[in-house]
Structures are given as structure tokens and as C-alpha cells.
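Here's a quick briefing to read with the fold open in your viewer. Have a look at the model first, then work through the notes by topic.

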Amino acid sequence: MPTVDARPHPYTFELSTTALLVIDMQRDFLEPGGFGESLGNDVAQLRRTIAPLAALLAAARETGLPVIHTREGHLPDLSDCPPAKRDRGAPSARIGDPGPNGRILIRGEYGHDIIDDLAPTDGEPVIDKPGKGAFYATGLDAMLVDRGITSLLVTGVTTEVCVHTTVREANDRGYECLVLADCVGSYFPEFQQVGLDMISAQGGIFGWVADSTAVIAELT
Ligand code: C5J
């Protein structure tokens, strides 16, 4: 069984019960004109995750590890977007408003889709989620149970929002989570640091943290 150097202690996983989860690597978060930028964020902060994640994806695909992608977004009529979510803060453009990449965070729009560098391949499931967590109002849990997956390699954006919410949801459902530090990103460097610390603190209260190179070395 592969074992990787991780915080707070080495992480051992079985290939047959592990999946790579790629959270919300969407144009709306990583490219100008989307939801992330409308909230005042510098999208460049997230882009450093693309190259390491592309390498990890390639290794997972070569090994035959299941890969599951998620996308945060809403139905065109916004019936699955709570007004509290749409109204919060003082964005320059709200969810559903027109932007350079189409209506912001709306399913089917160009900006809502996954960036070209990390595009899912045929057969890789893409979970559309209306919330921050990937388990809320989705079929992810049933999909994992169905496939016998108990351990998740967690990647994507943003560290303190959708990655954290998903890892916490996964913990409450009994999954083991290894978060890949170089493959998760935050618009705020200090949140990146503390977000990762919070996962592995207290003996790994939410899981483990490692670099993707440690996992790739075990997969290839
Ligand atoms: C945010 C996400 N930050 N995918 N979404 O609103 O983390």
C-alpha cells in the first residue's frame, strides 16, 4: 500500500479505495471576469495550482485512480441559489449577472466550466453543486459508496471555502482525506497557510496534508 510523507504523520492508502477529487477548477474562479474577481479577488493567486494539479491528474489517470471533478454553480433560473448567497457582500457583479465569460456561476455558461488545462476526460464524473461543500445536495456520497471509495486525495479551490467545507463534510461521513498543499489554492496567502494548518492540527482533526510530488512518486 502506498505511504506518503504527510502532516501530522505519514498517510497510507489503498489504490482500490481511493479517488482524486478536483474541486471547482472553473474559469469563474481562475480567470478574469468571473465570480472570484467580482468579489474583489486576484485570480492570479489561484493559478499556481494548475501545473502541479495537471501533473497529479496525469499520474492518477495513468494509474487508473478514479478522478471526480466538481463545479460550483446554479440553475439558470437561480432556484437553487439562496438569496442570502446571491446578496452577500458587495460584489461588482452578482451570481447570475452577465460577465465576459457568460452569466456568473450559472451552469452551462463558459465561465462555469472547468479550465481547459484540467478538462475532465470521457468517463470522469463531474458533480454540479449549488453549495460550497461537494456533498450538499449532490450525489457524491452515493457515488463514492457505490464505488467502494473510502479515501480522498483532495485538490482544487479555494482552500478555506469549498475545499475546507468538502473535507469537513467528508470527515463527518467517515472518509479519510489527504489534502495536497500545492494543488489547493486561496486568494489569500494567510488563509492558505492557516487553512492547511487547521486540517492537520490536533493529530489530523480533518485529515492529512502533503505535497503532490509525494503522491505522484507512489503512483508512478
Ligand atoms: C468560493 C469555492 N470561494 N469553490 N467557492 O466561493 O471555493
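Asp 24 is buried, because 27 other C-beta atoms lie within 10 Å of its own and 20 or more is enough to count as buried. This is a predicted model, so treat the details below as computed from a prediction. Asp 24 sits in the loop between strand S3 (18-23) and helix H1 (27-30), and its phi is near 55 degrees, a positive value in a residue other than glycine. Asp 24 is also one of the residues surrounding the ligand.

**Around the ligand**

- Along with Asp 24, the ligand's surroundings are made up of Phe 29, Glu 72, Lys 132, Val 157, Thr 158, Val 161 and Cys 162.
- Sorted by class, that shell comes out as four nonpolar, one polar and three charged residues.
- Two of the shell residues, Val 157 and Thr 158, are joined by a cis peptide bond with omega near -10 degrees.
- Thr 158 belongs to the loop between strand S8 (151-157) and H6.
- Cys 162, another shell member, is among the buried residues of H6.

**Helix H6 and what packs on it**

- H6 runs for 14 residues and covers 18 Å from its first C-alpha to its last, close to the 20 Å expected at 1.5 Å a residue.
- Its buried residues are Thr 159, Cys 162, Val 163, His 164, Thr 166, Val 167 and Ala 170.
- The cover over those buried residues includes S3, S4, S8, S9 and H7.
- Just after H6, Gly 174 adopts a positive phi of about 95 degrees.

**Helix H7**

- H7 (residues 189-204) has 16 residues and spans 21 Å from first C-alpha to last, close to the 22 Å expected at 1.5 Å a residue.
- There's a bend of about 30 degrees in H7 at Met 198.
- Which residues of H7 are buried? They are Gln 192, Gly 195, Leu 196, Ile 199 and Ser 200.
- As a reminder, an α-helix has 3.6 residues a turn, so residues three or four places apart point the same way.
- Helix H6 (159-172), strand S9 (176-185) and strand S10 (208-210) are included in what covers the buried residues of H7.

**Other backbone spots to check**

- Leu 78 has a positive phi of about 60 degrees although it is not a glycine.
- You'll find Leu 78 in the loop between strand S4 (67-72) and H4.
- Is Leu 78 buried or partly exposed? It counts as partly exposed, because it has 18 C-beta neighbours inside 10 Å.
- A cis peptide bond also links Arg 7 to Pro 8, with omega at about 0 degrees.
- Pro 8 is placed in the loop between strand S1 (3-4) and strand S2 (11-12).

**Arg 88**

- Arg 88 is in the loop between helix H4 (83-87) and strand S5 (98-99).
- Arg 88 is exposed because it has 12 other C-beta atoms within 10 Å, and 12 or fewer counts as exposed.
- Arg 88 and Tyr 187 are 99 residues apart in sequence, and their C-alpha atoms are 18 Å apart in space.

**Domain record**

- An unreviewed UniProt entry places the feature "domain: Isochorismatase-like" at residues 18-205.
- Over residues 18-205, the chain is 35% helix and 20% strand, and the end C-alpha atoms are 19 Å apart.

How values were computed: Residues are numbered from 1 along each chain as its sequence is written. This is a predicted model: local features need pLDDT of at least 70, side-chain atom pairs count only at pLDDT 80 or more; totals for chains, interfaces and linings use all residues. UniProt positions are given in the numbering used here, feature names are shortened, and annotations may be inferred rather than shown by experiment. Helices (H or I, at least four residues) and strands (E, at least two) are DSSP runs, numbered from the N terminus. A residue is near a molecule or strand if its C-beta atom, placed from the backbone, lies within 6 Å of it. Ala, Val, Leu, Ile, Met, Phe, Trp, Tyr, Cys and Pro count as nonpolar, Asp, Glu, Lys and Arg as charged, and the others, Gly among them, as polar. The expected span of a helix is 1.5 Å times one less than its number of residues. The bend at a residue is the angle between axes fitted to the seven residues ending there and the seven starting there. Two residues are in contact if their C-beta atoms, placed from the backbone, lie within 7 Å.
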